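This report goes through a few features of one structure in turn. Keep the sequence and the 3D view at hand while reading.

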Number of protein chains: 2
Amino acid sequence: MPDQHSTLRARRRAQTQRTIQAHAIRLFSERGYDATTMNDVAEAAGVSPMTVYRHFPTKEDLVLVDQYGELIAERIVASSTGQPLVRRIGGALIDAAAVLSGDDVTADREFVLVRLQLMISTPALRARHLDNQYALQQAIIGALGDDATDPDAAFQAQAAASACLAALHTALVRWAADDGRTDLPRLIGKALAAVFGDDIVGPAPTPGSPGD
Amino acid sequence: MPDQHSTLRARRRAQTQRTIQAHAIRLFSERGYDATTMNDVAEAAGVSPMTVYRHFPTKEDLVLVDQYGELIAERIVASSTGQPLVRRIGGALIDAAAVLSGDDVTADREFVLVRLQLMISTPALRARHLDNQYALQQAIIGALGDDATDPDAAFQAQAAASACLAALHTALVRWAADDGRTDLPRLIGKALAAVFGDDIVGPAPTPGSPGD
DNA sequence: ACCGATCTGGTAGTCACTATCAAGGTGATA
DNA sequence: TATCACCTTGATAGTGACTACCAGATCGGT
């Protein structure tokens, strides 16, 4: 089973998937998440309820699509093992956010923002999102590689990763509250600095920005 | 409406509440959370399904009872405002855990442990628990008091609180994995030290414990 | 043109959860 | 002690998310 058929069937599948999700996000933003039923989404997208469930197993999945998990994991694997854990993880988070903030995907940025705001304001979505972050934490631990042998080092890695993701979440909430006006990578850097101290995150990524 | 009637009616209410929860936790542990229906819980507890919903609005509430939130908030309010944020929050978390680890409630400890293990292993419960921790974070921010005016200080407070709770969660997971054999307050201290450095948590709370 | 695989739709069912209404015991008052 | 208000419980019906199970329709390559 090849991964990217790029055949007509696969393209139509991706298309309906995007259509369903777009209508869902729109309805959720307009009427509210709980006030919108799966049937509403199906009807708006012009498909049957079954098709919605085929593409998105749960209602929450209509909003939560974790597309940055493996990107972050890749960055961590690529980072030099000599650095402290917090710098490796934090750097990967900032880099991944920089990819999102890249000027080529300004159309997506609005979409990500709306979804994030939905996620933060809806309890069910917020809970699932936090659990996804917890899963991401485990992926990060796996990407760090070696430390699995010593239980004490593993514990420290878990603590470091969870704290980094907590900082990320804080930055995301602030970013959403500012309607995405702030620069997300810098916001993540500030959150990391607020947690771990300015010295451990500051000196490396940005060469010259002493003011702020 | 007085808070503690201590009348027969209130006592019976608390009793049935305990009974329902005890049977629920037992069934969840035996058959699994998803494989146990609310009707099963009601039948095991000898009440009608309606009564279960009266006492526990959602199925998740049968496991998740946040009884340490206000305890932590109290400690934070009582802490001296001169200390750094991380020390105030971390100290409150350790103190609250010390209350739990007190030798007078060894019977409860097993109950807390089983619930925690259920919480960690069941996705739905884990998600709700993480969201409860997020709510606790907001309560902590409120308990810190003043910093609401300056948005930058508020952001730093959010970051610090989220990181502290992340460390707490890491400690709780480890504690549950060890079946509660480890000393929880010390475990929280180690997690906080792993995140913020040994100097910021170590010197203050325990006068003499240099080994470990 | 054929056949296998995939995508889609419909039906019926389970389960969490929410009204709404009726009946019982409990608590305080006359 | 008798009465009344209230609280707790129970039963019924309904909504909505989600999951089988089955039947067409369409696309893929041979």
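In this predicted model, A:E60 and A:R128 form a salt bridge through their side chains, with N and O 2.8 Å apart. The two partners come from distant parts of the chain, 68 residues apart: A:E60 sits in the loop between α3 and α4 of chain A, and A:R128 in helix α7, residues 123–144. A:E60 is buried because its relative accessible area is 19%, under the 20% limit for that class. A:R128, at 21%, counts as partly exposed.

Over all chains, the count comes to 16 salt bridges. Another one joins A:D178 and A:R174. A:D178 is partly exposed at 23% relative accessibility, and A:R174 is partly exposed at 23% as well. A further salt bridge is formed by the side chains of B:D152 and A:K190. This pair crosses between chains, running from helix α8 (residues 151–177) of chain B to helix α9 of chain A. B:D152 is partly exposed, with 30% relative accessibility, and A:K190 is partly exposed with 29%.

| Salt bridge | N to O distance |
|---|---|
| A:E60 and A:R128 | 2.8 Å |
| A:D178 and A:R174 | 3.5 Å |
| B:D152 and A:K190 | 3.1 Å |

Helix α9 of chain A, which holds A:K190, covers residues 184–196. Its 13 residues reach 18 Å from the first C-alpha to the last, close to the 18 Å expected at 1.5 Å a residue. Ten of the 13 residues are buried, so the helix is largely enclosed by the rest of the structure. Among the buried residues are A:L184, A:L187, A:I188, A:L192 and A:F196. An α-helix has 3.6 residues a turn, so residues three or four places apart point the same way. Just after α9(A) comes A:G197, with a positive phi of about 100°.

Next come the cysteines. How many disulfides does the structure hold over all chains? The count is zero. A disulfide is a covalent bond between the sulfur atoms of two cysteines. The sulfur closest to that of A:C164 is in B:C164, and at 14 Å it is too far for a bond. B:C164 is likewise in no disulfide, with the sulfur of A:C164 as its nearest, 14 Å away. A:C164 is buried, as its relative accessibility is 0%, and B:C164 is also buried at 0%.

The last topic is the DNA. Helices α1 and α3 of chain A and α1 and α3 of chain B each supply at least two of its residues. The largest share, four residues, comes from α3(A).

Which part of DNA strand C do the atoms within 4 Å of the protein belong to? Sugar or phosphate accounts for 63% of them, and bases for the rest. Individual contacts involve both parts. A polar side-chain atom of A:S48 lies 3.1 Å from a phosphate oxygen, and a backbone N or O atom of B:K59 lies 2.7 Å from a phosphate oxygen. A:R54 instead places a polar side-chain atom 2.9 Å from a base oxygen.

Technical notes: Residues are numbered from 1 along each chain as its sequence is written. Chains are lettered from A and ligands numbered from 1 in the order in which they are written. This is a predicted model: local features need pLDDT of at least 70, side-chain atom pairs count only at pLDDT 80 or more; totals for chains, interfaces and linings use all residues. Side-chain values use heavy atoms; hydrogens and water are left out. A residue is near a molecule or strand if one of its heavy atoms lies within 4 Å of it. A polar contact is a pair of N or O atoms within 3.5 Å; within protein, one must be able to donate a hydrogen and the other to accept it, and residues adjacent in sequence count only if both atoms are side-chain atoms. A disulfide is a pair of cysteine sulfur atoms within 2.5 Å. Buried means under 20% relative accessible area, exposed over 50%, partly exposed in between (1.4 Å probe, protein chains only). The expected span of a helix is 1.5 Å times one less than its number of residues. A salt bridge is a side-chain nitrogen of Lys or Arg within 4 Å of a carboxyl oxygen of Asp or Glu.
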